[in-house]
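Here is a friendly walk through a protein model, meant to be read with the structure open beside you. We will look at helix packing, a few residues in their surroundings, and some backbone details.

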Amino acid sequence: MSEPRSLAVEAEQLDAADGLAAVRERFVLDDVTYLDGNSLGALPAHVPARVDDVVRRQWGELRIRSWEESGWWTAPERIGDRIAPLVGAAAGQIVVGDSTSVNVFKALVAAVRMAQEDGPGRDEILVDATTFPTDGYIAESAARMTGCALRPVVPAEVPSALGDRTAAVLLNHVDYRTGRLHDLPALTAAVHAAGAYAVWDLCHSAGALPVGLDEHGVDLAVGCTYKYLNGGPGSPAYLYVRRDLQPRFDSPLPGWNSHAEPFGMRSDYAPASGAVRGRVGTPDILSLLALEAALDVWDEDGVSVAAVREKSLALTDFFLRCVDAYVPAGRVESVTPAAHGERGSQVALRCDDAGEVMKRLIERGVVGDYRAPDVLRFGFTPLYVGFADVERAARVLARTLTG
């Protein structure tokens, strides 16, 4: 078992060798060890000034002219193209706007409609049985709307559950509770082999690890931007529609922003071409442009998804080592897979009285979060979390659990 001093020294050495260490300075941080970026990312330091310009100049001075002169109108696609390389997509396939829930609804209903156009008998939706609750709620409503049966299935059992009736499958890339990384390439291939469409929720993977939407032929995907993309509380989500499917994308929420002639004010709906079909109503400009500014951190030299993933795995490995060294045996149990290929960018520890333990951790300056009934979640955002943070979190956790 390692002594605290030796692990603390190792943390200093790892931080000194960290190629992403300088990026930390681009965020607003304090003495708190912040390990909840899987719920809300930290504030990039340059965002307030950019938002101030949007409010004071673009809105305050230019007013209505900013829809054209400040690029407001094209922001959903422009910012979608900024997100695209972070999830392995070429430009022109992502539109930003609305919430994750709304985009899940659009994607899932559109997927079922395409499947039912392909041939009769596609009347079943498979949904990740371990999904974040909202995805399940949306899937149930989409099933009723499209006349489908809904069948919850754990991701590992999806290949054996697929059949001639399957229209669409809604899956999470990373399990929000345990941090388990699901096999997107293999599951997408299995869905396609069954003649169905794959819809992926990327909320807990985008900005933390490679996704490869284009490479693996994903049909549709959605994700939020306020976690590892640091877009701010309630920042708009995004919708990916694979390029060859865009002419067939039939949104259940057609709005004037996705019309081929949005200012034509026609009574009949004609969808625009391309990713614009994923738009609905007037975009939330203030949040949208705050997100655009936040994405600038990815423009730094050396900041790539590959570099972030490498550091993420090193951070989570080190955290598990520190927990094993510091925490008395039997007090916590990791429910996050040890294998790198099965782990996202968080560590979930099962713990008795987890809610009270997390409350005390936060009081002691280590911020993670709690999921009922007994899970402590610690999220590791490599852009601003260092190895000293990791060592301190494990040390404070041990002290908290021992009184």
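Does N230 count as buried or exposed? This is a predicted model, and in it N230 has 2% relative accessibility, so N230 counts as buried.

**Around N230 and A294**

N230 sits in the loop that runs between β7 (220–223) and β8 (238–241). Setting aside neighbours within four places in sequence, N230 is in contact with F27, G41, A42, P44, T225, A294, T381, L383 and Y384.

One of those partners, A294, deserves a look of its own. A294 belongs to helix α9 (residues 285–294). With a relative accessible area of 0%, A294 is buried. Its contacts, not counting residues up to four places away in sequence, are P44, H46, V47, L229, N230 and G231. H46 is 248 residues from A294 along the chain, yet the C-alpha atoms of these two residues are separated by 7.9 Å.

**How the helices pack**

Two packed helices are described by the angle between their axes and the distance between the axes.

| Helix pair | Axis distance | Angle | Crossing |
|---|---|---|---|
| α1 and α10 | within 11 Å | roughly 170° | left-handed |
| α4 and α9 | within 10 Å | roughly 30° | left-handed |
| α10 and α12 | 9 Å | about 30° | right-handed |

Start with helix α1 (residues 4–16) and helix α10 (residues 305–326), whose axes cross at roughly 170°. That makes α1 roughly antiparallel to α10. On the α1 side, the contact involves P4, L7, A8, E10, A11 and L14, which meet F318, R321, C322, A325 and Y326 of α10. By class, the residues of this contact divide into nine nonpolar, no polar and two charged.

Next, α9 comes back into view, this time with helix α4 (residues 75–83); their axes cross at roughly 30°. That makes α4 roughly parallel to α9. From α4, the contact uses A75, P76, R78, I79, R82 and I83, and from α9 it uses L288, L289, L291 and E292. Seven of the residues in the contact of α4 with α9 are nonpolar, none is polar and three are charged.

Then return to α10, which packs with α12 at an angle of about 30°. These two helices are therefore roughly parallel to each other. In α10, the residues making the contact are K311, A314, L315, F318, F319, C322, V323 and Y326, while α12 contributes F387, V390, E391, A393, A394, R395, L397 and A398. The contact of α10 with α12 has 13 nonpolar, no polar and three charged residues. F318, C322 and Y326 of α10 are listed in this contact and also in the contact with α1.

**A look at α12**

How many of the 15 residues of α12 are buried? Eleven are, and α12 is mostly covered. The buried set is F387, D389, V390, E391, A393, A394, V396, L397, A398, T400 and L401. Among them, F387, V390, E391, A393, A394, L397 and A398 also take part in the contact with α10. Helix α12 covers residues 387–401 and reaches 21 Å from its first C-alpha to its last, close to the 21 Å expected at 1.5 Å a residue. After α12 comes G403, which has a positive phi, near 105°.

**Backbone details in the loops**

Most residues other than glycine have a negative phi, and most peptide bonds are trans. With that in mind, R63 is worth a click: R63 is not a glycine, but its phi is positive, about 50°. R63 lies in the loop between α2 (47–62) and α3 (66–69), and it counts as exposed at 52% relative accessibility.

D353 is another case, with a positive phi of about 55° although it is not a glycine. You will find D353 in the loop between β10 (346–351) and α11 (354–363). D353 is exposed, with a relative accessible area of 52%.

Finally, where is the cis peptide bond with omega near 0°? This bond runs from A372 to P373, and P373 lies in the loop between β12 (369–371) and β13 (375–379).

Methods: Residues are numbered from 1 along each chain as its sequence is written. This is a predicted model: local features need pLDDT of at least 70, side-chain atom pairs count only at pLDDT 80 or more; totals for chains, interfaces and linings use all residues. Side-chain values use heavy atoms; hydrogens and water are left out. Axes are lines fitted to C-alpha atoms, for helices over the stretch in contact, and angles run from 0 to 180 degrees between N-to-C directions. Helices (H or I, at least four residues) and strands (E, at least two) are DSSP runs, numbered from the N terminus. Angles under 35 degrees count as roughly parallel, over 145 as roughly antiparallel, 65 to 115 as roughly perpendicular and the rest as oblique. A crossing is left-handed if the near helix is turned anticlockwise from the far one by less than a right angle, and right-handed if clockwise. Contact means heavy atoms within 4.5 Å. Ala, Val, Leu, Ile, Met, Phe, Trp, Tyr, Cys and Pro count as nonpolar, Asp, Glu, Lys and Arg as charged, and the others, Gly among them, as polar. The expected span of a helix is 1.5 Å times one less than its number of residues. Buried means under 20% relative accessible area, exposed over 50%, partly exposed in between (1.4 Å probe, protein chains only).
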